[in-house]
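Visitor: Could you take me through the aromatic rings of this structure, slowly and with the terms explained?
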Amino acid sequence: MEGTVDKGTNNYSQTLSVGHASPEKNPWRSLGQYKYRVLEDGTRTQYRLGVIESLIPPNSHGPVFHFHEMHDEGFYVTKGKVRFHIPGREPLDAGPGEFVTVPVRLPHKFSNPFEEEAVFICTMTPGFYVRYFEYMEEMVGEGTTLTPEVNMAAMKRFATMPLTEDMVKQFEEVYNKN
């Protein structure tokens, strides 16, 4: 009947809650030289959405080139500038208020080659990829540098394909032919 909520929907809605992330409740966590904090771990969205905030120090290389098999990413820059790299294409520098979307299977990486720290909010759909950051935190810990080797090992556990230099060159060649 129109205008009536069915009993199942009503009962289910009673099991849900609004998520609220704040700096006081979500302190920065260390990934070697990088910092992150989980804003939504996916538990409130049945893992359809995960959100982290990430701080990248000045003159940082960021992760290795990679692509995701199962999730899209969105990056909303709130401070500084973040450089996004796609093999064979010009780098894209995004500053505060700018949003970058990276779809499934698009090879990419990001960096902060600038003199100011950068901060961005990253959305992941589905949201299970938040576990990647927590796993890397266990592998790296505080005070240790996040190396490409550790980064690549962690990616492989979360439906993400780290790319070797040869693989990056292959993507560049394909892009340059078009």
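Guide: A charge sits over a ring if NZ of Lys or CZ of Arg is within 6 Å of the ring centre and within 35 degrees of the ring normal. In this predicted model, local features need pLDDT of at least 70 and side-chain atom pairs count only at pLDDT 80 or more, while totals for chains, interfaces and linings use all residues. Residues are numbered from 1 along each chain as its sequence is written, and side-chain values use heavy atoms, leaving out hydrogens and water.

Arg-37 lies over the face of Trp-28, 4.0 Å from the ring centre, and the charged end of Lys-109 sits over the ring of Phe-65, 5.8 Å from its centre.

Rings of Phe, Tyr and Trp (its six-membered ring) pair if their centres lie within 6.5 Å, and planes under 30 degrees apart count as stacked, over 60 as edge-to-face and the rest as tilted. The structure holds twelve aromatic pairs. One of them joins Phe-110 and Phe-120, and because the centres are 5.2 Å apart with the planes at 80°, the pair is edge-to-face. This pair links distant parts of the chain, with Phe-110 in strand 9 (residues 109-111) and Phe-120 in strand 10 (residues 118-125), ten residues apart; strands (E, at least two residues) are DSSP runs, numbered from the N terminus. Buried means under 20% relative accessible area, with a 1.4 Å probe and protein chains only, so Phe-120, at 2%, counts as buried, and Phe-110 is buried at 14%.

Tyr-132 and Phe-158 form another edge-to-face pair, 6.3 Å centre to centre with 75° between the planes, and both residues are buried.

Conventions
Helix = DSSP H or I, 4+ residues; strand = E, 2+ residues; numbered from the N terminus. Buried < 20%, exposed > 50% of the residue type's maximum accessible area, 1.4 Å probe, protein only.
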